Amino acid sequence: LRGIAKMVGLICTLAAAGVSISPTARRLVLVRHGAVNREKAVPAIKPGGFYGGNVDVPLSTVGEAEALAAAKHIAANHLDEVKIIWSSPMRRALFGARAVGTALAVAASEGGVWQPPMEIDTFEAFREVDRGPIGAGWTDLTAEEIEARDGPDAMQRFALESTPGAFNAVNGGEGFCDVRSRVLEQRDAMLRA
């Protein structure tokens with residue numbers, strides 16, 4: 001919720017400062033999933049262990065409450081602006097996306113006309129980073145275990161990786177540049193549509 005407030009605050013600050021925003025500009029509201037319950041993942045992820053797009057970790061009770069609060073905020077502040085909802089296919093992301101769709105429908109229905117919840121379009125490209133298989137990759141390892149195995153700068157190399165596909169040899173999954181590339185490619189394709 002704090003991230004949403006910061007984005008909305010930035011837009012308002014820009015407008016108040018006289019920064020011109022094109023009337024044809026599109027606004028993209030990003031909502032990250034809430035807190036997760038690692039023990040209910042299949043397979044379970046130990047406390048502090050990394051997970052990613054290859055493990056469907058559900059939200060915790062706290063994470064569900066965070067998603068519902070974000071949905072209410074979006075419905076209260078962006079009701080007429082939201083035209084489409086995109087999500088990762090992961091349960092933790094879909095919960096929040098569905099909460100937003102439902103909150104928007106409820107808010108719109110308060111005007112006297114029932115609205116069904118908005119449909120959610122899911123895209124594989126929006127999955128979280130694939131940290132590789134358990135055992136061979138980084139999934140279920142802590143940062144300390146990763147750096148003990150792959151070097152003290154392993155996490156930094158992951159974040160700064162600039163050669164697509166190169167990190168697969170390190171963790172059996174993706175580097176940050178791979179995630180960035182697939183997400184931005186999908187986003188750009190959708191914004192052109």
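**A closer look at the loop**

Author: Leaving out residues up to four places away in sequence, Glu 161 touches Ala 166, Phe 167 and Cys 177 (contact means heavy atoms within 4.5 Å). A quick note on the basis: this is a predicted model, where local features need pLDDT of at least 70 and side-chain atom pairs pLDDT 80 or more, while totals for chains, interfaces and linings use all residues. Numbering starts from 1 along each chain as its sequence is written, and side-chain values use heavy atoms, without hydrogens or water.

Glu 161 sits in the loop between α5 (154–160) and α6 (168–171); helices are DSSP runs of H or I, at least four residues, and strands are runs of E, at least two, numbered from the N terminus. Glu 161 is buried (under 20% relative accessible area, 1.4 Å probe, protein chains only), yet it has no salt bridge (a Lys or Arg side-chain nitrogen within 4 Å of an Asp or Glu carboxyl oxygen). Arg 157, the nearest side chain of opposite charge, is 6.6 Å away. A polar atom of the Glu 161 side chain does lie 2.8 Å from the backbone nitrogen of Thr 163.

Now for the rings. The structure holds four aromatic pairs (Phe, Tyr or six-membered Trp ring centres within 6.5 Å; planes under 30 degrees apart are stacked, over 60 edge-to-face, the rest tilted). Trp 138 and Phe 167 have ring centres 5.4 Å apart and planes at 90 degrees, so they pair edge-to-face. That pair links distant parts of the chain, 29 residues apart. Phe 158 also pairs edge-to-face with Phe 167, at 5.7 Å and 65 degrees. Phe 158 is buried at 12% relative accessible area, Trp 138 at 1% and Phe 167 at 1%.

Technical notes
Buried < 20%, exposed > 50% of the residue type's maximum accessible area, 1.4 Å probe, protein only. Lys, Arg positive; Asp, Glu negative; His and termini not counted. Polar contact = N/O pair within 3.5 Å; in protein donor to acceptor, adjacent residues only side chain to side chain.
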